[in-house]
Amino acid sequence: GSGEVTNPYQIAIDDRTQNIFVADYDVHRIQVFDGEGNHLYQIPTPPRPIGITLSDEYIFVSADVKLIKIEKSNKQSIISVETDDLVWGIDTNSNTDIYGCESNNRSIAVFDKDLKFQKRIELRTTLVSTKPMSIKLYEDKMYVMSCGMISSPPPFHLHILDLEGELVKCLIEENEIGSSEFFSIDRLGNFIVADWEGDQIKIFSKEGTVLHTITSDMLQGNQKFYRPFGVAIDKQNRIIVANMNIKCNLLAF
């Protein structure tokens, strides 16, 4: 229905309103909720949305091999461009440049605020063959969640890289998380990782030490994790999680 989320991917939270924007992959739309989880409206996206990030005025969405720019004020798409590759997670910097994870090129593509391609950054990481899934820009660095492509199940790593793609540090090594595409960073610089294979949220310090592991039996009421996928942090330092493959699945704790 209009207030449900059927297969959520990336989540973004508006800094000013604290509204929650969810990329609802299967139904080709962005679902928007207020900070208490009440449904506000939806925005259709012709392709299937994967990544989402916000500026003060715009919503940016990666959807299959498209990038879409949507005005917040009228909820209308104003620019849609084809990309060279399937783009997964995206993030913006202070200049509203868009950084997107190219899953097949195994690189980060950079676009300006009008979605004009600027450059491609090759990732030089500890993985021999890596597929970037999501990215956060923080303190002039790129934090990239990647999965390896040479083993099954693939290892997931969180790398810190400079803005030229050079490795600074491998923050999270394989076997520290099960399977994770999306993560968030809180105001202290800790990393909140949605581990959908383990049905848990793991919180790592900025040095990569595990601080907390949150499982369903630690949640209040009838809340539970079922393949937690999208994750974000609001101004109250609440963790917002979107479960996959079930409806009415936004959790806040």
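F182 counts as buried, because its relative accessibility is 1% and the cut-off for buried is under 20%. F229 counts as buried as well, at 4% relative accessibility. Both residues belong to a predicted model. Together with Y9, Y25 and W88, F182 and F229 form one aromatic cluster.

The count of aromatic pairs comes to ten. One of them joins Y9 and W88: the ring centres lie 5.6 Å apart and the planes meet at 45 degrees, so this pair is tilted. Y9 sits in strand β1 and W88 in strand β9, 79 residues apart, and the pair thus links distant parts of the chain. Y9 and W88 are both buried. The pair of F182 and F229 also has its ring centres 5.6 Å apart, but the planes stand at 75 degrees, so the pair is edge-to-face; the cut-off for that class is over 60 degrees. F182 lies in the loop between β16 (167–172) and β17, whereas F229 lies in strand β21, so the pair ties together parts 47 residues apart in sequence.

The chain as a whole has zero helices and 23 strands. Of its 253 residues, 55% are buried. Among contacts between residues at least 6 apart in sequence, 38% join residues at least 24 apart. The accessible surface comes to about 11100 Å², and carbon and sulfur atoms account for 45% of that area.

The largest pocket has a volume of about 930 Å³. Its lining comprises 32 residues, with I13, D15, L54, D91 and K136 nearest the centre. Two or more lining residues come from each of β1 (8–13), β5 (49–54), β9 (87–92), β13 (130–138), β17 (183–185) and β21 (228–233). Strand β1 gives the most, with four residues. By class, the lining divides into eleven nonpolar, ten polar and eleven charged residues.

H28 is partly exposed, with a relative accessible area of 31%. R106 is partly exposed, at a relative accessible area of 36%.

Methods
Residues numbered from 1 in each chain as written. Predicted model: local features only at pLDDT ≥ 70, side-chain atom pairs only at ≥ 80, totals over all residues. Heavy atoms only, no water. Buried < 20%, exposed > 50% of the residue type's maximum accessible area, 1.4 Å probe, protein only. Contact = heavy atoms within 4.5 Å. Areas by Shrake-Rupley, 256 points an atom, 1.4 Å probe, with all protein chains shown as cover. 1 Å grid on protein atoms, 1.4 Å probe; cavity = no way out; pocket = protein on both sides within 12 Å on 5 of 7 lines; lining within 4 Å. Points joined across faces, edges and corners; volume = space filled by probe spheres on them. Nonpolar A, V, L, I, M, F, W, Y, C, P; charged D, E, K, R; others polar. Phe/Tyr/Trp six-rings, centres within 6.5 Å; stacked < 30°, edge-to-face > 60°.
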